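Let's take a walk through this fold together, one element at a time.

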Amino acid sequence: MDDWILAQDDPRRTDVLTLLERHLDFARTVTPPEDVHALDLDGLLDESVTLFSLREKGALLGIGAMKTLDGSHMELKSIHTAAEARGRGVGRTIVDHLVSVARSKGATRVSLETGSMPEFAPSRALYARAGFVECGPFAEYSGSRNSTFMTLDLH
(Lines give C-alpha, C1' and ligand atoms only; values in the text may rest on other atoms or scores of the structure.)
Protein backbone atom coordinates (compact mmCIF):
# COMPACT_ATOMS: atom_id res chain seq x y z
CA MET A 1 0.00 0.00 0.00
CA ASP A 2 2.95 2.32 0.50
CA ASP A 3 3.54 2.25 -3.26
CA TRP A 4 -0.09 2.99 -4.13
CA ILE A 5 -0.92 6.24 -5.90
CA LEU A 6 -4.56 7.27 -6.09
CA ALA A 7 -5.14 10.26 -8.36
CA GLN A 8 -7.49 11.80 -10.87
CA ASP A 9 -6.96 10.13 -14.23
CA ASP A 10 -7.96 10.31 -17.88
CA PRO A 11 -10.49 7.64 -18.91
CA ARG A 12 -8.95 7.63 -22.41
CA ARG A 13 -5.67 6.10 -21.16
CA THR A 14 -5.18 2.68 -22.71
CA ASP A 15 -5.03 0.70 -19.46
CA VAL A 16 -8.00 2.59 -18.00
CA LEU A 17 -10.03 1.89 -21.15
CA THR A 18 -9.13 -1.80 -20.94
CA LEU A 19 -10.28 -2.03 -17.31
CA LEU A 20 -13.40 -0.02 -18.13
CA GLU A 21 -14.23 -2.49 -20.92
CA ARG A 22 -13.85 -5.39 -18.46
CA HIS A 23 -16.22 -3.55 -16.10
CA LEU A 24 -18.77 -2.98 -18.86
CA ASP A 25 -18.45 -6.56 -20.16
CA PHE A 26 -19.14 -7.89 -16.65
CA ALA A 27 -22.16 -5.62 -16.21
CA ARG A 28 -23.55 -6.53 -19.62
CA THR A 29 -23.04 -10.25 -19.01
CA VAL A 30 -25.00 -10.44 -15.76
CA THR A 31 -27.48 -7.56 -16.12
CA PRO A 32 -30.39 -7.08 -18.52
CA PRO A 33 -29.56 -4.29 -21.02
CA GLU A 34 -32.18 -1.87 -19.64
CA ASP A 35 -30.55 -2.04 -16.19
CA VAL A 36 -26.88 -1.60 -17.12
CA HIS A 37 -26.06 1.79 -15.61
CA ALA A 38 -22.27 1.59 -15.81
CA LEU A 39 -20.71 4.57 -17.55
CA ASP A 40 -18.98 4.10 -20.88
CA LEU A 41 -16.17 6.35 -22.09
CA ASP A 42 -18.53 9.14 -23.18
CA GLY A 43 -20.23 9.03 -19.78
CA LEU A 44 -16.90 9.25 -17.99
CA LEU A 45 -15.90 12.25 -20.11
CA ASP A 46 -19.00 14.20 -19.01
CA GLU A 47 -18.08 17.37 -17.10
CA SER A 48 -20.10 16.17 -14.09
CA VAL A 49 -17.87 13.08 -13.71
CA THR A 50 -14.36 12.76 -12.31
CA LEU A 51 -12.44 9.49 -12.68
CA PHE A 52 -9.72 8.31 -10.32
CA SER A 53 -7.27 5.44 -10.67
CA LEU A 54 -5.26 3.53 -8.11
CA ARG A 55 -1.83 2.43 -9.28
CA GLU A 56 1.10 0.54 -7.85
CA LYS A 57 4.44 1.20 -9.50
CA GLY A 58 2.51 2.38 -12.55
CA ALA A 59 0.31 -0.73 -12.81
CA LEU A 60 -3.42 -0.03 -12.75
CA LEU A 61 -5.12 -1.72 -9.78
CA GLY A 62 -8.55 -0.14 -9.98
CA ILE A 63 -10.75 2.74 -11.04
CA GLY A 64 -13.66 4.67 -9.60
CA ALA A 65 -15.59 7.74 -10.59
CA MET A 66 -17.75 10.34 -8.92
CA LYS A 67 -20.68 12.09 -10.57
CA THR A 68 -22.02 15.35 -9.21
CA LEU A 69 -25.81 15.17 -9.10
CA ASP A 70 -26.28 18.55 -7.43
CA GLY A 71 -24.39 20.71 -4.95
CA SER A 72 -24.97 18.36 -2.04
CA HIS A 73 -25.47 14.93 -3.62
CA MET A 74 -22.84 12.86 -5.45
CA GLU A 75 -22.93 9.38 -6.97
CA LEU A 76 -20.23 6.72 -7.04
CA LYS A 77 -19.79 5.25 -10.54
CA SER A 78 -17.65 2.71 -12.41
CA ILE A 79 -15.79 1.25 -9.45
CA HIS A 80 -13.81 -1.75 -10.63
CA THR A 81 -10.78 -3.60 -9.29
CA ALA A 82 -8.49 -5.44 -11.69
CA ALA A 83 -8.93 -9.21 -11.20
CA GLU A 84 -5.27 -9.67 -10.29
CA ALA A 85 -5.54 -7.00 -7.53
CA ARG A 86 -8.68 -8.30 -5.79
CA GLY A 87 -8.52 -9.06 -2.09
CA ARG A 88 -5.93 -6.35 -1.39
CA GLY A 89 -8.25 -3.54 -0.29
CA VAL A 90 -8.24 -1.72 -3.63
CA GLY A 91 -12.02 -1.30 -3.81
CA ARG A 92 -12.29 -0.04 -0.24
CA THR A 93 -9.41 2.40 -0.78
CA ILE A 94 -11.14 3.81 -3.86
CA VAL A 95 -14.54 4.06 -2.12
CA ASP A 96 -12.99 5.80 0.90
CA HIS A 97 -11.20 8.24 -1.39
CA LEU A 98 -14.34 9.06 -3.36
CA VAL A 99 -16.27 9.68 -0.13
CA SER A 100 -13.46 11.95 1.06
CA VAL A 101 -13.56 13.88 -2.21
CA ALA A 102 -17.35 14.24 -1.88
CA ARG A 103 -16.93 15.64 1.65
CA SER A 104 -14.28 18.09 0.48
CA LYS A 105 -16.67 19.34 -2.20
CA GLY A 106 -19.41 19.98 0.36
CA ALA A 107 -21.60 16.97 -0.39
CA THR A 108 -23.93 15.85 2.38
CA ARG A 109 -24.93 12.60 0.67
CA VAL A 110 -23.24 10.02 -1.57
CA SER A 111 -25.32 7.39 -3.32
CA LEU A 112 -24.80 4.52 -5.74
CA GLU A 113 -26.60 1.95 -7.83
CA THR A 114 -25.31 -1.59 -8.13
CA GLY A 115 -26.73 -4.89 -9.23
CA SER A 116 -28.98 -6.98 -7.01
CA MET A 117 -27.85 -10.27 -8.54
CA PRO A 118 -25.54 -12.68 -6.66
CA GLU A 119 -22.58 -11.61 -8.82
CA PHE A 120 -22.76 -8.16 -7.21
CA ALA A 121 -22.83 -9.44 -3.61
CA PRO A 122 -19.14 -8.60 -3.01
CA SER A 123 -19.78 -5.02 -4.17
CA ARG A 124 -22.84 -4.63 -1.94
CA ALA A 125 -20.86 -6.00 1.02
CA LEU A 126 -18.01 -3.56 0.33
CA TYR A 127 -20.39 -0.60 0.27
CA ALA A 128 -22.15 -1.77 3.45
CA ARG A 129 -18.79 -2.06 5.26
CA ALA A 130 -18.07 1.52 4.17
CA GLY A 131 -21.31 2.67 5.84
CA PHE A 132 -23.71 2.74 2.90
CA VAL A 133 -27.29 1.62 3.57
CA GLU A 134 -29.98 0.59 1.13
CA CYS A 135 -32.31 3.33 -0.08
CA GLY A 136 -34.83 3.94 -2.82
CA PRO A 137 -34.04 5.09 -6.35
CA PHE A 138 -32.45 8.53 -6.64
CA ALA A 139 -31.66 11.02 -9.38
CA GLU A 140 -33.05 9.72 -12.68
CA TYR A 141 -33.16 6.05 -11.69
CA SER A 142 -36.40 4.12 -11.48
CA GLY A 143 -36.91 1.07 -9.32
CA SER A 144 -35.89 -2.30 -10.72
CA ARG A 145 -35.55 -5.76 -9.25
CA ASN A 146 -32.07 -5.81 -10.85
CA SER A 147 -30.82 -2.75 -8.96
CA THR A 148 -29.81 -2.10 -5.38
CA PHE A 149 -29.61 1.55 -4.37
CA MET A 150 -27.44 2.60 -1.45
CA THR A 151 -26.60 5.90 0.20
CA LEU A 152 -24.27 7.35 2.79
CA ASP A 153 -25.26 10.40 4.84
CA LEU A 154 -22.19 12.61 5.34
CA HIS A 155 -23.67 14.75 8.13
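This is a predicted model: local features need pLDDT of at least 70, side-chain atom pairs count only at pLDDT 80 or more; totals for chains, interfaces and linings use all residues.

Residues are numbered from 1 along each chain as its sequence is written, and side-chain values use heavy atoms, with hydrogens and water left out. As for the element names, helices (H or I, at least four residues) and strands (E, at least two) are DSSP runs, numbered from the N terminus.

Now to the sheet. An open sheet of seven strands runs in the order β1-β2-β3-β4-β5-β7-β6, with mixed pairing; two strands pair if DSSP finds at least two bridges between them. At the edges stand β1 (4-8) and β6 (133-135), each with a single partner strand, so one side of each has no neighbour in the sheet. From one strand to the next, the twist averages 30° (axes are lines fitted to C-alpha atoms, for helices over the stretch in contact, and angles run from 0 to 180 degrees between N-to-C directions). Strands of a sheet pair through backbone hydrogen bonds, either parallel or antiparallel.

β1 pairs with strand β2 (residues 49-56) in the antiparallel sense, over five bridges, and Trp4 has Glu56 in β2 as its bridge partner. Helix α1 (residues 14-30) touches β2, β3 (59-70) and β4, and its direction makes about 75° with that of β3. α3 touches β1, β2, β3, β4, β5 and β7, and its direction makes about 30° with that of β3.

Next, move along to β5 (residues 109-115). Is β5 largely enclosed or left open? Six of its seven residues are buried, so the rest of the structure largely encloses β5 (buried means under 20% relative accessible area, exposed over 50%, partly exposed in between, with a 1.4 Å probe and protein chains only). With β4, β5 pairs in the parallel sense over three bridges, and Met74 has Val110 in β5 as its bridge partner. The chain gets from β4 to β5 through α3, and this β-α-β crossover is right-handed: with the strands pointing away from the viewer, the path from the first strand over the helix to the second runs clockwise. Gly89 is partly exposed, at a relative accessible area of 33%. From Gly89 to Ser111 there are 22 residues in sequence and 20 Å in space, C-alpha to C-alpha.

With strand β7 (residues 147-153), β5 runs antiparallel, joined by seven bridges. Gly115 has Ser147 in β7 as its bridge partner. Thr148 also lies in strand β7 and is buried, with a relative accessible area of 7%. Beyond its neighbours within four places in sequence, Thr148 is in contact with several residues, including Leu112, Thr114, Arg124 and Glu134.

That brings us back to helix α4 (residues 121-129), whose buried residues are Arg124, Leu126 and Tyr127. They cover an arc of only 160° around the axis, which puts them on the same side of α4; the arc is that of the directions from the helix axis to the C-beta atoms. What covers them includes β4, α3, β5 and β7. On the other side of α4, Pro122 and Arg129 are exposed.

How many aromatic pairs does a search of the whole structure find? There are five, where rings of Phe, Tyr and Trp (its six-membered ring) pair if their centres lie within 6.5 Å, and planes under 30 degrees apart count as stacked, over 60 as edge-to-face and the rest as tilted. Tyr127 and Phe132 form an edge-to-face pair, 6.1 Å centre to centre with 65° between the planes. Tyr127 is buried at 8% relative accessible area, and Phe132 is buried too, at 2%. Ring pairs also link Phe138, Tyr141 and Phe149 into a cluster.

Notes:
Contact means heavy atoms within 4.5 Å.
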